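Hi,

Here is the structure I promised to pass on. Have a look at it first, and then read on for what turned up.

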Amino acid sequence: MKISLVIITLNEIVGLQSIFERIPLNAVDEILAVDGGSTDGTIEFLRSKNVPVYFQDVKGRGEAFRVAFRKATGDALILFSPDGNEDPADIPKFKPLLEQGNDIVIATRMVKGARNEEDDSWFRPRKWVNHSFTILANLFWNRQKFVTDTINGFRAITKKTWNEIALDGPGYTIEYQGSIRAFKKKLKIAEFPTIESKRIDNGFGSPSFDTGMAFIKIFFYELFV
């Protein structure tokens, strides 16, 4: 099975400079990047490392995924964000689970041996909200083994599965929609525990309220589609 590693970027020069040398390039057959319009040197850095960079005409993480699946040549794609949340050392863990016949493989932050970036705090709003959406998705659509982290973006998807689930969601809802549609089609999903760290640049990622509303909208869209 040929594996493509896709680096999703938008002004991630700080993260890239910190972690690029820790990416196990020998664990994948292809590496490429999809960029949303960086202006901080991200594109130049990637090109200096001989990483092909593709651009998206439409904004949003969902569109980045769609560009990735059009451009990558692998049988399965690992989607990776270089902001420090995701551990490059986990990249080799995807291939064995894909080769076992799983359609989607997710690095979960929600099981024993894993860590969510909020686990050091007593107040964990993002983790609790993510867990709530995960419970809802499992309750409404999953009839197989409970999937613990339906939202995490650090995941691998086979190209066959991508074509089958035909994701059209925007922004940060693309992973959640992918999990839901995989449930609907009774596809095989595997997980392994991951350690989620803080963002390297001390950024805040997606805006919490707007992102939460987007998840509510995609949930009801999938409920009635």
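Phe 80, Phe 94, Phe 154 and Phe 192 come together as one aromatic cluster. Keep in mind that this is a predicted model. Across the whole structure, the search turns up 12 aromatic pairs.

Another edge-to-face pair is Phe 133 with Tyr 176, at 5.6 Å centre to centre and 70 degrees between the planes. Because Phe 133 belongs to helix α5 (residues 125–141) and Tyr 176 to helix α7 (residues 174–184), this pair ties together parts that are 43 residues apart in sequence. Phe 133 and Tyr 176 are buried.

Leaving aside residues up to four places away in sequence, Tyr 176 touches Phe 133, Leu 136, Ala 137, Thr 150, Ile 151, Phe 215, Ile 218 and Phe 219. Tyr 176 also shows up in the largest nonpolar core, which has 33 residues. Which residues have the most contacts inside that core? They are Val 6, Val 34, Leu 77, Leu 79, Tyr 176 and Ile 189. Apart from this core lies another, of 29 residues, including Phe 45, Leu 97, Ala 107 and Ala 190.

Not counting residues up to four places away in sequence, Thr 9 is in contact with Leu 16, Val 34, Asp 35, Gly 36, Ser 38, Thr 42, Leu 46 and Pro 82. Val 34 in that list is also one of the residues with the most contacts inside the largest core.

Helix α3 (residues 61–71) is mostly covered too, with nine of its 11 residues buried. Those buried residues are Arg 61, Gly 62, Glu 63, Ala 64, Phe 65, Arg 66, Val 67, Ala 68 and Phe 69.

Now for the charges. Side chains of opposite charge can pair when their charged atoms come close. How many salt bridges does a search of the whole structure find? The count is 14. Here are some of them:

- Arg 199 pairs with Glu 12, and their closest N and O atoms are 3.9 Å apart. This links distant parts of the chain: Arg 199 is in the loop between β7 (189–193) and α8 (208–224), while Glu 12 is in the loop between β1 (3–9) and α1 (13–19), 187 residues away. Arg 199 and Glu 12 are buried.
- Lys 49 meets Glu 21 at 3.0 Å, N to O. Lys 49 is in the loop between α2 (42–48) and β3 (53–55) and Glu 21 in the loop between α1 and β2 (30–35), so this bridge ties together parts that are 28 residues apart in sequence. At 32% relative accessibility Lys 49 is partly exposed, whereas Glu 21, at 62%, is exposed.
- Lys 93 meets Asp 90 at 2.8 Å, N to O. Lys 93 is partly exposed at 39% relative accessibility, while Asp 90 is buried at 4%.
- Asp 168, Arg 181, Lys 184 and Glu 222 are linked in a network of salt bridges.

Finally, the empty space. Rolling a probe the size of a water molecule over the atoms shows where such space is left. The count comes to one cavity of 30 Å³ or more, and the largest cavity has a volume of about 40 Å³. Which residues line the largest cavity? Its lining is made of Arg 109, Asn 116, Glu 117, Arg 126, Lys 127, Asn 130 and Glu 196.

Over to you, and happy browsing!

Notes. Residues numbered from 1 in each chain as written. Predicted model: local features only at pLDDT ≥ 70, side-chain atom pairs only at ≥ 80, totals over all residues. Heavy atoms only, no water. Salt bridge = Lys/Arg side-chain N within 4 Å of Asp/Glu carboxyl O. Helix = DSSP H or I, 4+ residues; strand = E, 2+ residues; numbered from the N terminus. Buried < 20%, exposed > 50% of the residue type's maximum accessible area, 1.4 Å probe, protein only. Phe/Tyr/Trp six-rings, centres within 6.5 Å; stacked < 30°, edge-to-face > 60°. Core = buried A, V, L, I, M, F, W, Y, C linked by side-chain atoms within 4.5 Å. Contact = heavy atoms within 4.5 Å. 1 Å grid on protein atoms, 1.4 Å probe; cavity = no way out; pocket = protein on both sides within 12 Å on 5 of 7 lines; lining within 4 Å. Points joined across faces, edges and corners; volume = space filled by probe spheres on them.
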